[in-house]
Amino acid sequence: MGTSLVAAASAAMAAVAGASAQSINFQINPQASPTTTVGGGISAGEYFGSTTGTGNGFGSMIGAGRTLRTNVRGTSLFFGLEGSGLSGNDIGVMYLDTRAGGIASTSGLTDAGDPGRAAVSGRGTGSGQSVLNFGSDFRPDYAITFQTNFIGLFQIVEGNSHVFVGALAQSPTPASSMEVSVALSNLGITQPGVATIRYMMTLLNAENAFRSNEFQGAGSSPSSNIGVNSFTFGQNQFAQITIIPNPVAAVTAAPLLGLVIARRRRIG
Ligand SMILES: [Ca+2]
Ligand SMILES: [Ca+2]
């Protein structure tokens, strides 16, 4: 375990850009990654990786030409969505697969209690449904809803109300470019430890469930808006972060500590 982790850590800062048929994969060392500051604008230097959106059916609110930056620093996950922001009833929903279990499809999601909850469920608060069927390698457990004046984190629940985990700090408010932090513990991830986060973002009108063709992390989009129809993803249509904490500090700390104790004994 130790050897493989050290080897992995030495390569931890190497970003691996996925080919078109592959998922986008970032390996992040949360002790060596850049420091992200929520607020003060979004700059490339404060993030480790990024994806470029696809599709432009809603005027590229999250899609083609838009960059979604990603980082893990310490015990928090950060996202920065560059662009002109969202508008009206249009809500960006980021699905996150962070642990075992999760949903294969949004078809069994029934919560439409408010626009954010409805968007997670692929439903409209008024009417309509647009079902997403995920590839067998993507089973989301949580969702982040990006609205013009609110960003929330939900634990996804089939057939009942989603669990509202909390509002995410964002800046500026209301946002054009959106920047948020998420505690890894709120995604069921315990640190320190190796962990994997898979994510993908979609965009829909939360009043009538009309879904755009704009995605982040999926790698490709249908040529026209999905609308109030179902859509099925293939394999590898997500971005993946592998969190690899720095094991070198843990390995060297013990001998150094022993040296300090030995010196004190000699002095004493
Ligand atoms: Ca910033
Ligand atoms: Ca899962």
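**Exercise 1.** Find which residue of strand 3 stands opposite S50, then follow the pairing onward into strand 4.

*Solution.* Keep in mind that this is a predicted model.
Step 1: begin at S50, and you will find R69 of strand 3 opposite.
Step 2: Strand 2 (residues 49-52) and strand 3 run antiparallel and are joined by 4 bridges.
Step 3: now look from R69 toward strand 4, where G80 stands opposite. Strand 3 and strand 4 (residues 76-81) are also antiparallel, with 6 bridges.
Step 4: trace the connection between these two. Strands 3 and 4 make a hairpin with 2 residues between them, and G74 in the turn has a positive phi of about 65°.

**Exercise 2.** Decide how far strand 3 (residues 67-73) is enclosed, and do likewise for strand 5 (residues 90-97).

*Solution.* Step 1: count as buried any residue with 20 or more other C-beta atoms within 10 Å of its own.
Step 1: check both faces of strand 5. D90, G92, M94 and L96 point one way, I91, V93, Y95 and D97 point the other way, and all are buried.

**Exercise 3.** Identify the pairing partners of strand 5.

*Solution.* Step 1: strand 11 pairs with strand 5 in the antiparallel sense over 8 bridges; within this pairing, V93 stands opposite T202.
Step 1: strand 7 (residues 142-146) is likewise antiparallel to strand 5, over 5 bridges. Here Y95 has A143 as its bridge partner.

**Exercise 4.** Which residues of the largest nonpolar core touch the most other members?

Step 1: the core has 62 residues, and V93, M94, L96, A143, I144, Y199 and M200 touch the most other members. Strand 11 (residues 195-205) supplies the largest share, 7 residues.
Step 2: take I144 as a test case. Setting aside neighbours within four places in sequence, I144 contacts M94, L96, I151, L153 and L168.
Step 3: step back to the chain, in which buried residues make up 47% of the 268 residues.

Terms used
Residues are numbered from 1 along each chain as its sequence is written. Chains are lettered from A and ligands numbered from 1 in the order in which they are written. This is a predicted model: local features need pLDDT of at least 70, side-chain atom pairs count only at pLDDT 80 or more; totals for chains, interfaces and linings use all residues. A nonpolar core is a set of buried Ala, Val, Leu, Ile, Met, Phe, Trp, Tyr and Cys residues joined through C-beta atoms within 7 Å. A residue is buried if 20 or more other C-beta atoms lie within 10 Å of its own, exposed if 12 or fewer, and partly exposed in between; C-beta atoms are placed from the backbone. Two residues are in contact if their C-beta atoms, placed from the backbone, lie within 7 Å. Two strands pair if DSSP finds at least two bridges between them.
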